[in-house]
Amino acid sequence: MMAESFRELKKQAKRELEEARILIRSARKKMSAEDKKRAKELLKAIEDSLGRKEMEGLEKALEEFKVFRDEHWAGIKINRAWETIKELFWVVLIVVLIRWLLIEPFRIPTVSMVPTLLVGDQLMVNKLVYGVQIPFTTKKLFNLKKPKRGEVVVFKYPKNPNQDYVKRVIGVSGDEVRVKDGWLYINDKAVEREYLGIYDGPIDGGFCLSYELYLEKIDGKEHEMILCQTSHFGDDYGPVIVPENSIFAMGDNRDNSEDSRSWGFVPLDNIKGKAMFIHLPLDPDNHYLPRWKRFFKRIR
């Protein structure tokens, strides 16, 4: 019985605390400094009694606060609609700042990054890692570091900045990139790759009916990529030198990717962030049900 009484008293105390804090925020200009100081002392007494779980102390603190409230705040009313609007404003502002400064979701619409990213995957992008970008522009307030070879990045398509692309960084400023007989070379050195077999994973779209799966290693970082068994897009390409403040980007589905081989280099200012992990993997071929094994899969 005592425990139940204390629970009810605790609920009442929390309601009083919430109401008082809203009142102090919304009507602080109407309160004297002395009233605000006294109110904070009484509220602290309630919080202390709650922390110590003292029923008698809590009853006394609540009673003292109610007397003070009725004497000093009787004519002050809370504008609940305005308080709700203010709370919503701060929530929206925080969400916008998070998307602008920290992370942003991105949905995979094409097969160009299979097998790393599948159509329907939704991934989180770290926007702070390369610097803070000014909203609605390709300019950065400051740069933290530059993308490295092998990283998967999201960027504004150079031909249409309103469209976002996701690709793997193959070359950075000063690198020589070429494809010879279907093999990728960076700075005149063949990129290591190991044949893993026939790719039997999900893929929808593209001209190829059968793919070979490889484990590719760029600067010590391993990732899977696929090549068409029958014909290759760009068996021979380049060589080209990546200009200053740019990257050369390619998809992991090498024969079904429109990338730097088609439209050129990506300016660093266009890069929005680094792909971190898949947070919502949906399968468009199965009524958009989740691909459970891909939840929170780190992108490498």
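**Briefing: pocket, cores, salt bridges and backbone features**

The second largest pocket is lined by 14 residues, and Pro115, Thr116, Glu224, Arg294 and Lys297 are those nearest its centre. A pocket here is an open set of points on a 1 Å grid over the protein atoms alone, with protein on both sides within 12 Å along at least five of seven lines, and lining residues have an atom within 4 Å of a point. The model is predicted: local features need pLDDT of at least 70, side-chain atom pairs count only at pLDDT 80 or more, and totals for chains, interfaces and linings use all residues. Residues are numbered from 1 along each chain as its sequence is written, and side-chain values use heavy atoms, with hydrogens and water left out.

**Overall composition**

- The protein chain has five helices and 18 strands; helices (H or I, at least four residues) and strands (E, at least two) are DSSP runs numbered from the N terminus.
- Of the 300 residues in the protein chain, 41% are buried, where buried means under 20% relative accessible area, exposed over 50% and partly exposed in between (1.4 Å probe, protein chains only).
- The accessible surface of the protein chain is about 17,300 Å², and 54% of it belongs to carbon and sulfur atoms; the areas come from the Shrake-Rupley method with a 1.4 Å probe.
- Among contacts (heavy atoms within 4.5 Å) between residues at least 6 apart in sequence, 58% join residues at least 24 apart.

**The second largest pocket**

- This pocket has a volume of about 250 Å³, a volume being the space filled by probe spheres set on grid points that are joined across faces, edges and corners.
- Strands β12 (221–228) and β18 are the elements that give two or more residues to its lining.
- Pro115, one of the residues nearest the pocket centre, lies in the loop between β1 (103–107) and β2.
- The peptide bond from valine 114 to proline 115 is cis, with omega near 10 degrees.

**Nonpolar cores**

- The largest nonpolar core has 15 residues, and those with the most contacts inside it are Ala13, Leu43, Ile46, Leu50, Leu58, Leu62 and Phe65. Such a core is a set of buried Ala, Val, Leu, Ile, Met, Phe, Trp, Tyr and Cys residues joined through side-chain atoms within 4.5 Å.
- Helices α1 (2–26), α2 (33–52) and α3 (55–72) are the elements that give two or more residues to this core, with the largest share, six residues, coming from α3.
- Leaving aside residues up to four places away in sequence, leucine 50 touches Lys10, Ala13, Leu17 and Leu58.
- Apart from this core lies another, of 14 residues, including Val153, Tyr165, Val172 and Ala249.

**Salt bridges**

- The structure holds 12 salt bridges, each defined as a side-chain nitrogen of Lys or Arg within 4 Å of a carboxyl oxygen of Asp or Glu.
- Arginine 291 and aspartate 121 meet through their side chains in a salt bridge, at 3.7 Å from N to O. Arginine 291 lies in the loop between β17 (289–290) and β18 (297–298) and aspartate 121 in strand β2 (residues 121–126), so the pair ties together parts that are 170 residues apart in sequence.
- Both partners are buried: arginine 291 has a relative accessibility of 14%, and aspartate 121 has 0%.
- A network of salt bridges links Asp121, Asp283, Arg291 and Arg294; Arg294 is also among the residues nearest the centre of the second largest pocket.
- Glutamate 41 forms a salt bridge with arginine 38, with the closest N and O atoms 3.5 Å apart. These residues are three residues apart in helix α2, and therefore separated by about one helical turn.
- Glutamate 41 is partly exposed at 41% relative accessibility, as is arginine 38 at 37%.

- Asparagine 245, in the loop between β13 and β14, has a positive phi near 55 degrees and is partly exposed at 39%.
- Serine 246 belongs to strand β14 (residues 246–250) and is buried at 9% relative accessibility.
- Not counting residues up to four places away in sequence, serine 246 touches Val172, Ser173, Phe265, Val266, Pro267 and Leu268.
- Aspartate 188, in the loop between β8 (183–186) and β9 (189–190), has a positive phi of about 65 degrees and is exposed at 57%.

Notes: 1 Å grid on protein atoms, 1.4 Å probe; cavity = no way out; pocket = protein on both sides within 12 Å on 5 of 7 lines; lining within 4 Å.
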